[in-house]
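Let's walk through this one together, starting where the chains meet and then going inside one of them. Keep the viewer open as you read.

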Protein chains: 2
Amino acid sequence: MATTEKGRRTRQRIIEATGEQILAAGIGGTTLETVRAATLTSKSQLFHYFPGGKTELVREVAVWEGEQLLAAQEPEIHDLGSWGSWRRWRDGLVDYYLGQGRWACPIGSLATEAAAADPDTASLITTSMTAWKDALAAGVRRMQEAGEVDPDADADLLATGMVAALQGGIVLSQPERSGRPLEAVLDQILDPLLVRATARAGSSRA
Amino acid sequence: MATTEKGRRTRQRIIEATGEQILAAGIGGTTLETVRAATLTSKSQLFHYFPGGKTELVREVAVWEGEQLLAAQEPEIHDLGSWGSWRRWRDGLVDYYLGQGRWACPIGSLATEAAAADPDTASLITTSMTAWKDALAAGVRRMQEAGEVDPDADADLLATGMVAALQGGIVLSQPERSGRPLEAVLDQILDPLLVRATARAGSSRA
DNA sequence: TCATCGTTGGACTGCACGGTCCATTCGTAG
DNA sequence: CTACGAATGGACCGTGCAGTCCAACGATGA
C-alpha cells in the first residue's frame with residue numbers, strides 16, 4: 001500500500017499529525033477530517049494507507065508514539081548506571097512533558113481512552129509500557145551490581161512503580177496545569193533508589 | 001427543574017447510569033441513547049434535567065463520582081492515625097478498584113478524557129482530587145504529630161504523590177488487566193511513610 | 001372541578017463523521 | 001511513447017448521535 005518513498009513519507013506524515021491531535025484533543029476529538037486538513041491529504045489517501053480506517057490509524061499511532069517516547073529518553077534511558085544519569089533522565093522527562101505544552105502522555109492518554117474500546121490497541125500499549133519498564137529495570141539492575149541499590153530489591157517491580165508514578169503524575173498535572181504533582185510523585189518514587197543506596201529499597205510486600 | 005421527589009430520583013438515576021457507562025466505555029463510548037435505554041427514560045427527560053445536554057451531564061457525573069470516591073474510602077480516610085488504618089485504607093482501595101471489575105478510576109478516566117475538551121469539567125475534577133489529597137494530607141499530619149513520620153516532611157506533597165501513584169497504577173493496570181502495577185506503586189509510595197517512621201521521608205527536592 | 005406545573009413519551013431534524021467509489025494524475029520501467 | 005501501478009482528489013452515502021419540539025399525563029392546591 002505504500003511502496004514508494006513518497007508514499008511512505010505521506011503515510012508517516014499522517015501518523016504524526018494524528019498523534020499530535022490525539023495528544024491535544026483525545027481520540028474522540030480527533031476526526032479523519034481534521035487529520036486530512038492538517039496533512040493536506042484527501043480522504044482516499046487516509047484509507048489507502050490505513051485500510052482499517054480510524055481504528056488502524058490509531059493503532060499505528062500507538063506503536064509510533066511508543067517508539068518515540070523511548071527515543072526521547074535517549075541516551076539516558078540506556079545509561080542508568082549512576083546517580084547522575086538517573087537524575088538527568090528524570091529532569092529530561094519532566095521537561096519533555098512540561099517544557100513544551102504537552103501536558104499529557106502520548107501513550108498514557110491512549111491507554112485510558114482506548115483500553116476499554118479496543119483490546120487490540122490496549123495490548124500494543126501494554127507492549128510499549130513493558131519495553132519502557134524493562135529499560136528502567138535494566139538500569140536498576142546496573143545500580144544493584146554497582147552496589148548502589150539493595151540487591152534483594154525487585155528491579156522489575158521498582159521499574160513498574162516508576163512508570164506508574166509518571167503516568168499518575170501526568171494524570172494530575174494535566175487538568176491542574178501544574179508540574180507539581182508530576183515532580184512530587186517522581187521524586188518520591190526515585191528517592192529511595194537514589195538516596196537510600198545499599199539500604200533496603202521497595203521491599204516486596206502484599 | 002427537579003422539584004419533586006420523583007424527579008430528583010429520576011435525575012439521580014440518570015447520573016449514576018451515566019457514570020457506570022463512562023467508567024466502562026469512556027465518554028466517547030457513552031451516548032445519550034445508551035443512557036436513555038439504561039435508565040428507561042426518554043430523550044426529553046435527559047434534556048429536562050440537564051438542559052446543557054451531554055456536557056452538563058458529564059459535569060454532574062464528575063462531581064457525583066468525586067463524592068462517591070471519597071465516600072467509598074470511609075471510614076478509614078478520616079482515621080489515618082495509625083499504621084493499621086493506613087494499611088486498611090490501602091487494601092480497601094485496591095479492592096475497590098480491582099475487586100469488582102472496575103479497572104478504572106471514575107474521576108481519573110474523566111480527567112484524561114475531559115481535561116483537554118472541557119476546562120470546566122477539568123476544574124471540577126481538580127477540586128475532587130484536591131479534596132482527596134487534603135484528606136490524605138490530614139492523615140499524614142496526624143502521623144507526624146504522633147511522631148511516626150518525620151515532622152519536616154511536606155504532608156501535602158506526600159499526599160499528592162499518593163493520589164498520583166494511585167492514578168498511575170490504574171493507568172497501567174487497566175490495559176494490562178493486572179493489579180500488579182497498582183499494588184507495586186502503592187507499596188512503593190507508602191513504604192517510606194509506614195516503615196521509615198521518624199526518619200526523613202520524601203524530603204522536598206527540585 | 002379546574003388550573004398549573006412538573007414529568008414523561010417519542011417523533012423529528014440537522015449534521016458531523018466514518019467510510020465508499022471512481023476518476024485523474026504521477027512516476028517509472030519496458 | 002506506452003502501459004501500469006501507485007498516489008491523489010473529492011464527490012457522495014449512510015448513519016449514529018446531540019439536540020428540538022410538542023403533545024400528553026399526573027399530582028397538587030385552590
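Predicted model: local features only at pLDDT ≥ 70, side-chain atom pairs only at ≥ 80, totals over all residues.

Residues are numbered from 1 along each chain as its sequence is written, chains are lettered from A and ligands numbered from 1 in the order in which they are written, and side-chain values use heavy atoms, with hydrogens and water left out.

Start with the interface. Chain A puts 47 residues into the contact and chain B puts in 47 residues, where contact means heavy atoms within 4.5 Å. About 4100 Å² is buried between chain A and chain B, and carbon and sulfur atoms give 61% of that; buried area here is the accessible area (1.4 Å probe) that two parts lose on being put together, summed over both.

Two salt bridges turn up across the interface of chain A and chain B, a salt bridge being a side-chain nitrogen of Lys or Arg within 4 Å of a carboxyl oxygen of Asp or Glu. One to look up pairs B:Asp156 with A:Arg180, at 3.5 Å from N to O. On the side of chain A that touches chain B, the elements giving two or more residues include α1 (5-25), α5 (83-99) and α9 (180-195) of chain A; helices are DSSP runs (H or I, at least four residues), numbered from the N terminus. The biggest giver is α8(A), with 16 residues. By type, that side of chain A splits into 22 nonpolar, 13 polar and twelve charged residues, with Ala, Val, Leu, Ile, Met, Phe, Trp, Tyr, Cys and Pro as nonpolar, Asp, Glu, Lys and Arg as charged, and the others, Gly among them, as polar.

Next, hop over to helix α2 (residues 32-39) of chain B. Its buried residues are B:Leu32, B:Val35 and B:Thr39, buried meaning under 20% relative accessible area (1.4 Å probe, protein chains only). They sit on the same side of α2(B) because they cover an arc of only 60° around the axis, taken from the directions from the helix axis to the C-beta atoms. Among what covers them are α1 (5-25), α3 (43-49) and α4 (53-71) of chain B.

Zoom in on B:Thr39, whose relative accessible area is 1%. A polar atom of the B:Thr39 side chain lies 2.7 Å from the backbone oxygen of B:Val35. Leaving aside residues up to four places away in sequence, B:Thr39 touches B:Arg13, B:Ile14 and B:Ala17. Just past the helix, B:Leu40 takes a positive phi of about 55°.

Conventions:
Buried < 20%, exposed > 50% of the residue type's maximum accessible area, 1.4 Å probe, protein only. Polar contact = N/O pair within 3.5 Å; in protein donor to acceptor, adjacent residues only side chain to side chain.
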